[in-house]
Amino acid sequence: MSDNILELIGMNKIYQKKIHAVKDLDYKLKQGSLCALLGPNGAGKSTVIRMICGLCIPTSGYIRFKGEIMTTASPGYRNSIGIVSQHTNLELDLTAFQNLKVHGLLYGMKGSGFRKKADEFMFLAGLEHHRHTIVRTFSGGMKRRLQIVRALLHDPELLILDEPTVGLDPSSRESIWDIIIDLNISGKTILFSTHYMEEAQNHANRVSIFLKGYIISDNTAESLIEGHGKWCRIIQR
């Protein structure tokens, strides 16, 4: 039996019949890993994330989740993934707890079970004292932490983060990574995209470098640095 939780097979995405954003992508994500999609803006990383999450439909190719072919509309698949967008998509005029309650209702969570999960993850994210605070007043880092809490509420097997620290100050970035690393240590499988080379190098078990819709290298950060000394300059372009 395969130990891959997610496989992308022959994935392509073409926009307007001519813009080939992702090209013939084959990708495997091992259960329990913490993996990075690294590349400059426009490389195809976010398109891959959006296809995995069902936010855009592949032009061709398919997804295999835990060995079974899935569509992104499959309820079992959607319930097994948690998504943190690079953009703030919280309800800003609701409190933190109200945002979580809306999410919980969408996944059939309520009562003491929901409150226990909400309290557990708000404590993990350092937001336990802000549960009744209007989200509009939150800093960028607090909003991102709340997005992570929301994505974890229904206990997904796979957590997907699109540029999780983009636009944040160094202190906020560090606090976000503390949360992500703790989740991975506890067994959560995590896939994240980034254009910060140091994040991929310091945190990922495996790094896939994207450029113009292709994966041009795929290995541990150490192996990529040793074998491809120019990869850092490629990402900086």
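Author: The radius of gyration is taken over C-alpha atoms, and the globule rule is 2.2 Å times the number of residues to the power 0.38. This is a predicted model, where local features need pLDDT of at least 70, side-chain atom pairs count only at pLDDT 80 or more, and totals for chains, interfaces and linings use all residues. Residues are numbered from 1 along each chain as its sequence is written, and side-chain values use heavy atoms, leaving out hydrogens and water.

Reader: What radius of gyration does the chain have, against a compact globule?
Author: The chain has 18 Å, which agrees with the value near 18 Å for a compact globule of 237 residues.

Reader: How much of the chain is buried?
Author: Buried residues (under 20% relative accessible area, 1.4 Å probe, protein chains only; exposed is over 50%, partly exposed in between) make up 49% of the 237.

Reader: How many helices and strands?
Author: Nine helices and ten strands, as DSSP runs numbered from the N terminus (helices H or I, at least four residues; strands E, at least two).

Reader: Take helix 3. Which residues are buried there?
Author: In helix 3 (residues 96–106), they are Ala-96, Phe-97, Asn-99, Leu-100, His-103 and Gly-104. They cover an arc of only 155° around the axis (from the directions of the C-beta atoms), which puts them on the same side of helix 3.

Reader: And what is exposed on the other side of helix 3?
Author: Leu-105 and Leu-106.

Reader: What covers the buried residues?
Author: The cover, by contact (heavy atoms within 4.5 Å), includes helix 4 (111–124) and helix 5 (140–152).

Reader: Which residue just after helix 3 takes a positive phi?
Author: Gly-108, at about 70°.
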